[in-house]
2 protein chains.
Amino acid sequence: MNYPFLMLSNNRKKRDEIFKELDSLQQRDFSFSSGHILGSMCTQPHPIAHEAYIRFLETNLGDPELCPGTKEIESRFIAFISKLLHAPKTAVGQIVSGGTEGNITAIWIAKQLSGKHDVVLPESAHFSFQKIASLMDMKLMEVPLTNDYIMDIQQMKKKIHKDTAAVIGIAGSTELGAIDPIPEMSEICTDEHLFFHVDAAFGGFVIPFLKELRYKVPDFDFQLKGVCSVSIDSHKMGFSAIPLGTLMIRQRQWLDCISVESPYISSEKQSGILGTRSGAPVAAAYAVARYLGHTGYRNMVKSCMDVTKYTEEQITELGLSPVIKPTMNVLGVKLKKPSRIVKKLFEQGWRVNKVDRLSCIRLVLMPQITKQIIDEFIPVLQKTCEEEGEL
Amino acid sequence: MNYPFLMLSNNRKKRDEIFKELDSLQQRDFSFSSGHILGSMCTQPHPIAHEAYIRFLETNLGDPELCPGTKEIESRFIAFISKLLHAPKTAVGQIVSGGTEGNITAIWIAKQLSGKHDVVLPESAHFSFQKIASLMDMKLMEVPLTNDYIMDIQQMKKKIHKDTAAVIGIAGSTELGAIDPIPEMSEICTDEHLFFHVDAAFGGFVIPFLKELRYKVPDFDFQLKGVCSVSIDSHKMGFSAIPLGTLMIRQRQWLDCISVESPYISSEKQSGILGTRSGAPVAAAYAVARYLGHTGYRNMVKSCMDVTKYTEEQITELGLSPVIKPTMNVLGVKLKKPSRIVKKLFEQGWRVNKVDRLSCIRLVLMPQITKQIIDEFIPVLQKTCEEEGEL
């Protein structure tokens, strides 16, 4: 760029000063590459995602005729997700910034289609539904869980009534990675003509591969005819960069009810919540999906599940117990005072998260977590638990 | 990264194939650096924004204890915005993805504080308010404009009533860059105890500098005691990268009414709409703000205004008329059939946008648009207008 008012060439010193400041602040962050983040559902983006991202930084998919090429990349990426989730030809994909926006968008559609405001969901649903309740004046009808920490079907039936706008199923709970009985829920929603949204923000990039690896997991996607929408995040197990999720929607025309006219930009209508949105995370997610492909993701999931099993064994050997046998690469570990342990581990440079509701800490065995890292972590956990009277 | 399952080293060929595909698609996009995008309120990010962005790609400010350093950068950036907008000490800044999320968040607060659902806004308000109406079941009370295309105060008074949750003022309309009479609106809202939100997504990085350059523009920010919140975008005239806006809110405690408990992550509560969000655009916006500083932005605005004046003169010389004398670097040009002209210009490789409502095309003279580019554009516009019977 050659803008006289910028005086770029004169300001190398200023630039260096700014990056010294940024670098010094960045030192305080935990990094994924250290392996010490054991409590996040994100990871560092795959190198190819990184490379693609920076090439598309200036694109704005909110104004699609400015960037028909990037728009085509978006279409190809949505086609990949569509295939992964067995979406029918009538389906449409809406790019979102992540699981929260995916959930909001789904409920927005359900509200518009039904004119109703009650949402039936399991107690394990993500806290974004609390936002939805407040933002959109929806009423949450929480259903207790079974002993396996999944939606209790009999209890769910009792909550459904004439004002129900939507039913929510979780395919990979944020707490434990547990998968609700989506097939049974799908049948009930079909019978009752209810909008059924599946939150697979985490599990969407895990369950399809678990099935191929012969783990016993229920169906969760558009193969079940009652499933109306599925939310799936690329910046979680899709190994790409924030902010990128996709909401797949069974019927293209359902988007119309959340579309508004969009003067001043190149398209006549705009659907979805946000306006201006970068093409960079879309290009990144597409690049990594193309690069890894089905086989690459399956190998990744296999590797994560191996580390999860290993961690579970190590935890058990210490004398601690998992909350449930892990369904995917999320491991809840029962503790008396999880807050104390989280704090103590933090002081020693390890970052794990707690779930107070279940009195546990939660480890997420993302791709960057290897058995070597677990071998480093276990003695620290053991010592901490001993000091705090957990062992 | 050294993950065995990735087999990175084996796949240089695959990587090259993917980037060949991405590059070839990117060829179809318009680029800001070509100068041929005359209709967007975005621009290519400043080089320093670009450089900062890529360094913070893996950070997640939705989980702030993972990245205390990046969180500190966010605080410093908000302090910059706070000062720019003369926010009081009681104020708080909420980072958002852009103007649309800024507006949604402001109305969400107003709805929670008032328990009401009517929004009084000028006809020139951005189409994101149509989304808000649908998403949040708000009723929009549109106020006609004066001959200067700004909120008509007398008409506005008539629309205010007992169910009014918020009044919206636009400081730099998307159509024409016009600024509503914010001081008068502020007084009325103070008297009526109404939540007053100012949408300065575009104008927030323009008006403060116009004032210093002695352009006659009204006050629009927290210096007016009735202003409750201001939305301002860094990815527009802040010269940074998508997605980055800030919603400044007069009273910190107002955030509480849109906060929810956030188990599984490191903070106890999360406010705002989105969950996972990257620190990269925040670091980018901070870096460019630090680099340009007040003086750099003022020089930039001066340069944009010079080009705007030049363009207005050239347009007038052709025999075309501006819709209004430009308030900022946005120029509406009256046409009989703006759609035809937009289409014909598009076919010749120029991208301008139209505003059907005002029967005009809209040029946005962003930093990348120089007088030389205008000199290239004017003959194309002239020829097109002659062929289409506009001249």
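I started at the rotation axis: of the residues of chain A, M136(A) comes closest to it, at 2.4 Å (C-alpha). This is a predicted model, so I note that local features need pLDDT of at least 70 and side-chain atom pairs count only at pLDDT 80 or more, while totals for chains, interfaces and linings use all residues. Residues are numbered from 1 along each chain as its sequence is written, chains are lettered from A and ligands numbered from 1 in the order in which they are written, and side-chain values use heavy atoms, with hydrogens and water left out.

**The two copies**

I laid chain A on chain B and got an RMSD of 0.0 Å, with a turn of 180° and a shift of 0.0 Å along the axis. That is how a two-fold axis relates things. The superposition is by least squares on the C-alpha atoms of residues with pLDDT of at least 70 in both copies. I also checked the interface: 100% of the interface residues of chain A are interface residues in chain B too, so the copies meet through the same surface. Contact here means heavy atoms within 4.5 Å.

**Q270(A)**

I found Q270(A) in strand β9 (residues 269-271) of chain A. Helices (H or I, at least four residues) and strands (E, at least two) are DSSP runs, numbered from the N terminus. Buried or exposed, I asked of Q270(A)? Q270(A) has 8% relative accessibility, so I put it down as buried (under 20% relative accessible area; exposed is over 50%, partly exposed in between; 1.4 Å probe, protein chains only). Its side chain makes a 2.6 Å polar contact with the side chain of K131(B), and reaches the backbone oxygen of G62(A) at 3.3 Å. A polar contact is a pair of N or O atoms within 3.5 Å; within protein, one must be able to donate a hydrogen and the other to accept it, and residues adjacent in sequence count only if both atoms are side-chain atoms. Not counting residues up to four places away in sequence, Q270(A) touches several others, including I258(A), I265(A) and F127(B).

**The seven-strand sheet, chain B**

I read the order of this open, mixed sheet as β1-β7-β6-β5-β4-β2-β3 (chain B). Strands pair if DSSP finds at least two bridges between them. β1 (92-96) and β3 (139-143) of chain B are the edges, each with a single partner strand, so one side of each has no neighbour in the sheet. Strand β2 (residues 118-122) and strand β4 (residues 164-170) of chain B pair in the parallel sense over three bridges; V120(B) has V167(B) as its bridge partner in β4(B).
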